[in-house]
Amino acid sequence: MIRFENVTQRYRGTPQPALDGVDFEVERGEFVFLVGASGSGKSSCLSLITREITPSEGRVLVLGRDTRTLSDRRTPYFRRNIGTVYQDFRLLEKKTVSQNIAYALRVIGRSRAFIKHSVPEVLERVGLDGKGKRLPSELSGGERQRVAIARAIVNGPQIVLADEPTGNLDPTTSVEIMRLLEQINADGTTVVMATHEAGFVDKMRRRVIELNDGRLVRDELGGAYGDTSALATLRPEVVRGASAQQAFTAATELRRDVEEGRVEPVTSVDLPAQRDAAPAPAPAPITVDVDEVGMADRLGIDGSDDEVGPTS
Ligand SMILES: Nc1ncnc2c1ncn2[C@@H]1O[C@H](COP(=O)(O)OP(=O)(O)OP(=O)(O)O)[C@@H](O)[C@H]1O
Ligand SMILES: [Mg+2]
C-alpha cells in the first residue's frame, strides 16, 4: 500500500539529506508509528506519501502509484484516498464544524445529498454529535482535533496520515484521540502516525518505524513492550483476518467503481465480497487535504477529468 524504496530526500540548500536510503513497506490495514527526534525526517516521510514532495532518489509507491511519475494533474485525485491530520488542526476558523467538513466534500464535487447524510454521520463517529453548529473557537483542543479527523475520514480514505496529532493536547485528551485513530484503523483504514509520544508507542504495541538523522534505524512489529496497565483501553484491537480484509477492500473498490459509473450497480446478486466484509464498507475512499488557502489550486479539478485515485 505504501512502499519506500531506497528513498533519499534532499531539500535545496541543505547539505545533509532529510532522508537517507530509507526502505519500508506498509501493508493495507496496518497501524504504524513513525518516531524519531525532531528533524529526523518523519514529516518528510508523510509529505512524500501525499506527494507534497517527490524523492530526490529512490521510489515512493503509494496505492500502486509511483509518486514521481504521477502527474500534477492527477495528484488531486490520488490525494482523495489519503486523509491527513496535523498537530495544529488546520480548521477553517470562520466556518462551523459541519461547514468545515462539508466544505472539504464540496470542493471535491460530492453531491448535496451525500454531504447531508455523511456530515452528521461522521460527527457521530468521532464523538461530536450535536456540535456541528459550533465554531472551532468554541471547541476544546481535543474536539478541534476530532473535527480534523472527521474531515480526514468523511470520504472513507484508504490511508490516514497523522503528523503529531496529539502534539497540542493534554495526556487525557491525547488518549481519546489515539483511541479514535485506533477505531479508524480497526475499521480497515491504514494509519501512519508521526509522533514524539513515547508513552503511546510503548503501550500500544504497534509497528514502530524509527528514524535517526534521516536513516531508518528500527522497524519493529509490535513496537516497544511496556506496562499497559495505565492505558488498558489502548490495547490493540484484534487484527482483522486476511480474508475479511480482502473482502472489505474488494467491496470498497466495487462500491467506488459503481459510484463512479465504471461498473453497473448489482442489485440482485449477493456478492461474496460484500457478504464477507466484516464492518459495513466505508463510503467511496475519497478525501481531501484542506488548506484554507490555495485549496482550489491544489485540487485543480476540471470538468473533463473524472478520474479517481488508484485502487491497489
Ligand atoms: N522545506 C524544507 N526545506 C529545507 N529543509 C527542510 C524542509 N523541510 C524539512 N527540512 C529539513 O529536513 C530535516 C527533516 O525534517 P522533518 O520535518 O521531516 O523532521 P521531523 O522528524 O518531522 O521533525 P519534527 O519532529 O521536528 O517535526 C530537518 O533537518 C529539516 O530542517
Ligand atoms: Mg515533523
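Let me start with a term: a residue is buried if 20 or more other C-beta atoms lie within 10 Å of its own, exposed if 12 or fewer, and partly exposed in between, with C-beta atoms placed from the backbone. By that count, 41% of the 312 residues of the protein chain are buried.

This is a predicted model, where local features need pLDDT of at least 70, side-chain atom pairs count only at pLDDT 80 or more, and totals for chains, interfaces and linings use all residues. Residues are numbered from 1 along each chain as its sequence is written, while chains are lettered from A and ligands numbered from 1 in the order in which they are written.

The overall picture. The protein chain has 10 helices and 10 strands. These are DSSP runs, H or I of at least four residues for helices and E of at least two for strands, numbered from the N terminus. Now contacts, meaning C-beta atoms, placed from the backbone, within 7 Å. Take contacts between residues at least 6 apart in sequence: 72% of them join residues at least 24 apart.

Next, the ligand. For the classes, Ala, Val, Leu, Ile, Met, Phe, Trp, Tyr, Cys and Pro are nonpolar, Asp, Glu, Lys and Arg are charged, and the others, Gly among them, are polar.

On to helix 1, residues 42-49. Six of its eight residues are buried, so helix 1 is largely enclosed by the rest of the structure. The buried ones are Lys-42, Ser-44, Cys-45, Leu-46, Leu-48 and Ile-49. After helix 1 comes Arg-51, with a positive phi near 65°.

That brings up phi. Most residues other than glycine have a negative phi. Two further residues to look at. Phe-89 is not a glycine, yet its phi is positive, about 70°. Phe-89 sits in the loop between strand 6 (82-86) and helix 3. Is Phe-89 buried or exposed? Buried, because it has 21 C-beta neighbours inside 10 Å. Asp-213 is not a glycine either, and has a positive phi of about 50°. Its loop runs between strand 9 (207-212) and strand 10 (215-220). Asp-213 is partly exposed, with 15 other C-beta atoms within 10 Å.

Now helix packing. Helix 3 (residues 97-107) and helix 5 (residues 141-153) have axes that come within 9 Å and cross at roughly 25°. Axes are lines fitted to C-alpha atoms over the stretch in contact, and angles run from 0 to 180 degrees between N-to-C directions. The two helices are therefore roughly parallel. In contact are Val-97, Asn-100, Ile-101 and Ala-104 of helix 3 with Val-147, Ala-150 and Arg-151 of helix 5. These divide into five nonpolar, one polar and one charged. Roughly parallel, for the record, means under 35 degrees.

Last, Phe-31, in strand 3 (residues 31-35). Phe-31 is buried, with 23 other C-beta atoms within 10 Å. Beyond its neighbours within four places in sequence, Phe-31 contacts Asn-185, Val-191, Arg-206 and Arg-207. Arg-207 is 176 residues away along the chain, with 6.7 Å between the C-alpha atoms.

Definitions and conventions: Angles under 35 degrees count as roughly parallel, over 145 as roughly antiparallel, 65 to 115 as roughly perpendicular and the rest as oblique. Two residues are in contact if their C-beta atoms, placed from the backbone, lie within 7 Å.
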